[in-house]
Amino acid sequence: MSMMFVNLPVTDLDRAKAFYEAVGFRINPMFTDHNAACVVVEEDHNYFMIQVREYFQSMTELPIGDPKSSPTSATAIFVDSREAVDRAVAAGVAAGGAEVGEPSDYGFMYQRGLTDPDGNVVDFGWMDPVAAAQGPAAYMAQQA
């Protein structure tokens with residue numbers, strides 16, 4: 001089985017944990033300490049490892065940038081409905097994150113930009129199941 005871990009540097013671990021819990025994820029306490037926390041995005045598959053910047057820096061000799069001014073990645077998490085997208089973004093903003101730009105609505109896909117309190121991009125989106133399985137053209141054909 002494949003699993004994906006996305007490592008993100010944060011300045012305040014407790015604030016970051018509260019943010020990720022607010023948007024609907026849970027913290028796995030078995031892999032959490034004073035340096036890092038394991039955020040379960042999808043059980044047995046997808047995780048964030050939020051790490052204090054000093055700990056994150058110990059894993060690379062390269063300088064760590066500031067995602068608020070120079071983002072180098074964006075993670076998009078797709079959920080089950082447009083309403084779930086809106087709820088996650090509203091909860092993220094209430095927990096110290098920031099909405100980025102206007103929502104994008106393509107009919108078959110809906111996406112909203114969000115950053116965590118440290119500026120890491122964590123977008124939320126929804127895609128129509130027909131479009132996800134067969135492509136946007138199939139979705140458009142069913143609308144005609």
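Let's start at Val39. In this predicted model, Val39 touches Tyr20, Phe25, Arg26, Ile27, Asn46, Tyr47, Phe48 and Ile50, leaving aside residues up to four places away in sequence.

Now widen the view. Val39 belongs to the largest nonpolar core, which has 24 residues. Tyr20, Val23, Phe25, Val39, Phe48, Ile50 and Phe124 touch the most other members. Which elements each supply at least two residues of this core? Strands S1 (4–10), S3 (36–42), S4 (46–52), S7 (109–115) and S8 (121–127) do, and so do helices H1 (13–22) and H3 (82–94). H1 gives the largest share, four residues. As background, nonpolar side chains tend to be buried together in soluble globular proteins.

On to the pockets. The largest holds about 240 Å³ of space. Its lining counts 17 residues, with Leu8, Pro9, Thr72, Ser73 and Asn120 nearest the centre. S1 gives the most to that lining, four residues. By class, the lining has nine nonpolar, seven polar and one charged residues.

Next, the second largest pocket. Its space is about 180 Å³. Here 14 residues form the lining, and Val41, Asn46, Ala76, Ile77 and Phe78 lie nearest the centre. Which element gives the most to this lining? Strand S5 does, with four residues. S5 spans 74–78, and S1, S3 and S4 also supply at least two lining residues each. The classes here are ten nonpolar, two polar and two charged.

Note on methods: Residues numbered from 1 in each chain as written. Predicted model: local features only at pLDDT ≥ 70, side-chain atom pairs only at ≥ 80, totals over all residues. Heavy atoms only, no water. Core = buried A, V, L, I, M, F, W, Y, C linked by side-chain atoms within 4.5 Å. Buried < 20%, exposed > 50% of the residue type's maximum accessible area, 1.4 Å probe, protein only. Contact = heavy atoms within 4.5 Å. 1 Å grid on protein atoms, 1.4 Å probe; cavity = no way out; pocket = protein on both sides within 12 Å on 5 of 7 lines; lining within 4 Å. Points joined across faces, edges and corners; volume = space filled by probe spheres on them. Nonpolar A, V, L, I, M, F, W, Y, C, P; charged D, E, K, R; others polar.
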